[in-house]
Amino acid sequence: MNDSHAVVVGGGIGGLSAALALHRRGWRVTVLERAAELREVGAGLSLMANAVRGLDALGLGPALRRGGHGEAPGGIRDRHGRWLSRVDAAEMIRQLGTTALGVHRATLHRTLREALPASWLHTDAKVEHVESGPDHAEVRYQGPDGPHTLEADLVVGADGLRSRVRAQLWPRHPGPVYAGSTTWRAAIAFPHPIPAAITWGPGAEFGMVPIGDGQLYWYGALNAPPGGRAPDELAVLREHFGDWHAPIPALLAATPPDVVLRNDIHHLPVPLPSYVCGRVALLGDAAHPMTPNLGQGAGQAIEDAVVLGAVCADGAGGVPAALAAYDRQRRGRSQSVARASHVAGRLGQQLHNPIAFAARNTALRITPARVMLRSMARYADWRPPADSASSAS
Ligand code: FAD
């Protein structure tokens, strides 16, 4: 055990993964979460092989494999159910050495939470100010009983899309913008076996992912103006997806209206010049909010956390140097995944021009399976730093 103390701002998947990665390196951690209750809002998640490897490095792989669904992605279909591209799942697993996982967000969040000492997690704690000095950093927050100040050797800004820590460290950065798409999602009981797959129509995508325990996560995405709300969101979905191939109408019919979540999708078109300022590091959506088209946002947050733990393995002594290494190892990769995800959305879900749409579908049909596999494996083929699993306690 070293005597180093970190404050993590935000108790989402990124913040809890960072706390766990530091815990495994002997750090003491305080997690400050502004919500009154520590929980994950949302339905399911696809965790690609890189994310699964990251969770393995955090010691959670076996629990999540039990709690989720080892997912062999089926491929991409058109709205009539004809395959545009199929994934050779066995070959993918052979190349990447592990399957992807479909998991309920609540399961992942709970598994992370339970791996941490409960006394480290503080809810109703809204961080208002972060400052980095030469010897320590300082965090000011509003707790349930009034204002508090904490000193730490390291502060991790894992406060998500609208990160206050990011805005404070880079006040002139333009911040996230709407990416042009809105999504609806739900996790439902659906005990019939179906493979994870996505379906594209003009300016529209529907995806389905088994997440274990007889549950299925589905999402629908449409090009739409931001900020919309409908009195009956399921009716909007039935209007767009109600005549798409089976089992899409059945999934919508099996969904209780009150479990449907609607979110506008944002990303960060101007990448940050650094993820680090002195003793403060950004992580997850605070550093690189991305569109969900490659299913990589949480995966990149988990990768960030594993690398942060590895570079901070020696404790508080060399935090600025450790964070410089964190920035070097994480910024290029996560920003290229974010860029690729945006492009995947433009060429996939968002494509609606009929000529471009037909040309894209034809190109997909004639692309050899091994080329598709290579492009899918490109971002999923990440390994944790060599000592992440072995030297951790
Ligand atoms: P968040 O989950 O946003 O957590 C930030 C936390 O910080 C929150 O709990 C918030 O309350 C707290 N906070 C904020 N401000 C403060 C403050 N001032 N003080 C204290 N606490 C604060 N990723 C995948 O890998 N696979 C997928 O399949 C996938 N699908 C997605 C589908 C959709 C529709 C969307 C929108 C995203 C998807 N993602 C996916 C992305 C993934 O959800 C995010 O990248 C990931 O959850 C980010 O985690 P985070 O901890 O960085 O941020």
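Me: Two strands pair if DSSP finds at least two bridges between them. Which residue in strand 16 is the bridge partner of Ile 188?

Reply: Leu 216 is the partner of Ile 188. This is a predicted model, so local features need pLDDT of at least 70 and side-chain atom pairs pLDDT 80 or more, while totals for chains, interfaces and linings use all residues. Residues are numbered from 1 along each chain as its sequence is written, and side-chain values use heavy atoms, without hydrogens or water. Helices (H or I, at least four residues) and strands (E, at least two) are DSSP runs, numbered from the N terminus.

Me: Do strands 13 and 16 run parallel or antiparallel?

Reply: Strands pair through backbone hydrogen bonds, in either manner. Here strand 13 (residues 177-189) and strand 16 (residues 215-223) run antiparallel, joined by nine bridges.

Me: What is the order of the strands in the open sheet?

Reply: The order is 6-5-14-15-16-13-17, seven strands with mixed pairing. Strand 6 (83-86) and strand 17 (261-267) are the edges, each pairing on one side only. From one strand to the next, the twist averages 20°. Angles run from 0 to 180 degrees between N-to-C directions, and axes are lines fitted to C-alpha atoms, for helices over the stretch in contact.

Me: Which helix packs on that sheet?

Reply: Helix 11 (residues 354-366) does, touching strand 5 (75-78), strand 6 and strand 14 (197-201). Its direction makes about 40° with that of strand 6. Contact means heavy atoms within 4.5 Å.

Me: How do I read a helix pair, and at what angle do helix 2 and helix 9 pack?

Reply: Two packed helices are described by the angle and the distance between their axes. For helix 2 (residues 49-57) and helix 9 (residues 297-311), the angle is about 35° and the axes are 8 Å apart. The crossing is left-handed (the near helix is turned anticlockwise from the far one by less than a right angle). Asn 50, Ala 51, Gly 54, Leu 55 and Ala 57 in helix 2 meet residues of helix 9, including Ile 302 and Val 306.

Me: Why is helix 1 described as largely enclosed?

Reply: Ten of the eleven residues of helix 1 (residues 13-23) are buried, so the rest of the structure largely encloses it. Buried means under 20% relative accessible area, exposed over 50%, partly exposed in between (1.4 Å probe, protein chains only). Among the buried residues are Ile 13, Leu 16 and Leu 20.

Me: Where does Gly 70 lie?

Reply: Gly 70 lies in strand 4 (residues 69-71). Its relative accessibility is 43%, so Gly 70 counts as partly exposed. Beyond its neighbours within four places in sequence, Gly 70 contacts Thr 99, Ala 100 and Leu 101. The C-alpha atoms of Gly 70 and Gly 102 are separated by 6.5 Å, though the residues are 32 apart along the chain.
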